[in-house]
Amino acid sequence: MRLLALGLLASLLTLASCAPAPDAGYTLYQTILIDHGSSDGRRLQVLEDERLTPGMRRLMWGGPKAPLAIASGLGISLQDPTIARLLDPPIRPAMLRLQDASGKTLALRHFDCPLAELNEAPLPQGQTEVWAIGVDCHTGSGNYEGLVTRLFWIVNDQFEWQRYTDGKIDEPIELTLLNSPKIAWHLSSAPRAEEVEEVSGIPDFTGLKPGQEPTKTVIDYVVYRFKDGLWHRTERLMPGDWRQEDGFPAAGAFPRG
């Protein structure tokens with residue numbers, strides 16, 4: 001029995017030593033020193049698929065991410081080796097990493113989309129500061145797909161993602177702010193991250209029976225206010241529709257109080 005246990009332990013150690021590193025297949029896109037610019041402090045890093053060239057990245061940012069679209073945009077064949085190698089495995093999602101000065105990984109998060117970018121500096125919020133990262137989920141066609149911004153603190157060398165409540169949900173939800181063809185937002189408290197205004201044109205499901213498709217839209221005016229470590233969401237729904245080309249509404253359109 002003891003020999004069997006030792007053999008099992010050896011097998012597990014072998015498997016562990018053969019497991020790929022979390023950053024295997026990735027390359028460093030962005031590094032920000034967060035301890036007052038000290039070269040011996042911690043650093044935030046964005047990592048992306050190592051197969052993406054700078055030209056591919058420029059083409060993909062704000063546009064479609066499929067290899068066929070990349071090949072078309074670059075004017076090369078889908079069979080070109082630089083494109084063919086994107087097919088298997090599929091393009092990896094972007095990662096955010098926190099490292100100490102020695103290179104030890106303290107925190108790591110994978111996102112859903114391949115490109116991401118950090119704000120160069122944190123935003124003031126209350127008595128502290130908050131970081132912002134934008135994850136590019138544009139597809140080139142979706143009305144509700146675009147740049148997703150998330151806000152986070154660094155607490156005890158871990159990411160703590162900011163959340164919101166609207167007074168109806170049981171548990172606060174991670175805050176995601178989207179810029180897309182039919183959704184936009186801005187910091188109405190800029191440069192402080194304490195109030196956000198968001199507008200969108202969304203389908204009107206009011207009064208529909210199950211299975212029915214909406215034929216009308218409404219404009220959703222939303223305000224997020226930060227208080228006591230949490231964002232609080234209020235909204236006002238109005239008849240109509242909204243798209244980016246309509247311009248951002250005046251402050252008076254949003255709910256107050």
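Is Asn156 buried or exposed? Asn156 is exposed, with a relative accessible area of 75%. Please keep in mind while reading that this is a predicted model. Here are my notes, point by point.

1. **The loop around Asn156.** Asn156 sits in the loop that runs between strand 8 and strand 9. Its backbone deserves a look too: phi of Asn156 is near 50°, which is a positive value in a residue other than glycine. With a relative accessible area of 75%, against a cut-off for exposed of over 50%, Asn156 counts as exposed.

2. **Asp228, another loop residue with positive phi.** Asp228 is placed in the loop between strand 15 and strand 16. Phi of Asp228 is near 55°, again a positive value in a residue other than glycine. Asp228 counts as exposed, at 75% relative accessibility.

3. Strand 15 covers residues 217-227 and strand 16 covers residues 230-239. The two pair in the antiparallel sense, over 10 bridges. If you want a place to start looking, find Phe226, which stands opposite Trp231 in strand 16.

4. In which order do the six strands of the open sheet stand? The order is 11-10-16-15-14-13, and the pairing is mixed. Strand 11 (173-174) and strand 13 each have a single partner strand, so they stand at the edges, and one side of each is left without a neighbour in the sheet.

5. **Strand 14 and its partners.** Strand 14 is mostly covered, with seven of its nine residues buried. Strand 14 pairs with strand 13 in the antiparallel sense over five bridges, and Ala184 stands opposite Val199 in strand 14. Strand 14 is also joined to strand 15 by nine bridges, and these two run antiparallel. Here the bridge partner of Ser200 is Asp220, in strand 15.

6. The peptide bond from Asp88 to Pro89 is cis, with omega near 0°. Pro89 is in the loop between helix 4 (81-84) and strand 3. The peptide bond from Ala190 to Pro191 is cis as well, with omega near 10°. Pro191 lies in the loop between strand 13 and strand 14 (195-203).

7. **Ser180, a covered loop residue.** Ser180 lies in the loop between strand 12 (177-179) and strand 13 (183-187). Ser180 is buried, with a relative accessible area of 4%; the cut-off for buried is under 20%. Which residues does Ser180 contact, leaving aside neighbours within four places in sequence? They are Asn143, Tyr144, Glu145, Gly146 and Gln244.

8. **The largest nonpolar core.** This core has 23 residues, and those with the most contacts inside it are Leu44, Leu96, Leu118, Ile133, Phe152 and Phe159. At least two residues each come from strand 2 (43-49), strand 3 (95-99), strand 4 (105-110), strand 5 (115-118), strand 7, strand 8 and strand 9 (158-161). Strand 7 gives the most to this core, with three residues. There is also a second, separate core of 15 residues, which includes Ala132, Trp153, Ala193 and Val196.

9. **The largest pocket.** How much space lies in the largest pocket? The value is about 300 Å³. The pocket is lined by 16 residues, and the closest to its centre are Ile34, Arg42, Pro122, Glu129 and Trp131. Strand 1 (26-33), strand 7 (128-136) and strand 8 (147-155) are the elements that give two or more residues to the lining. Strand 7 gives the most, with four residues. By class, the lining has nine nonpolar, three polar and four charged residues.

Note on methods: Residues are numbered from 1 along each chain as its sequence is written. This is a predicted model: local features need pLDDT of at least 70, side-chain atom pairs count only at pLDDT 80 or more; totals for chains, interfaces and linings use all residues. Side-chain values use heavy atoms; hydrogens and water are left out. Buried means under 20% relative accessible area, exposed over 50%, partly exposed in between (1.4 Å probe, protein chains only). Contact means heavy atoms within 4.5 Å. On a 1 Å grid over the protein atoms alone, a cavity is a set of points where a 1.4 Å probe fits but cannot get out, and a pocket is an open set with protein on both sides within 12 Å along at least five of seven lines; lining residues have an atom within 4 Å of a point. Grid points are joined across faces, edges and corners, and a volume is the space filled by probe spheres set on the points. Ala, Val, Leu, Ile, Met, Phe, Trp, Tyr, Cys and Pro count as nonpolar, Asp, Glu, Lys and Arg as charged, and the others, Gly among them, as polar. Two strands pair if DSSP finds at least two bridges between them. A nonpolar core is a set of buried Ala, Val, Leu, Ile, Met, Phe, Trp, Tyr and Cys residues joined through side-chain atoms within 4.5 Å.
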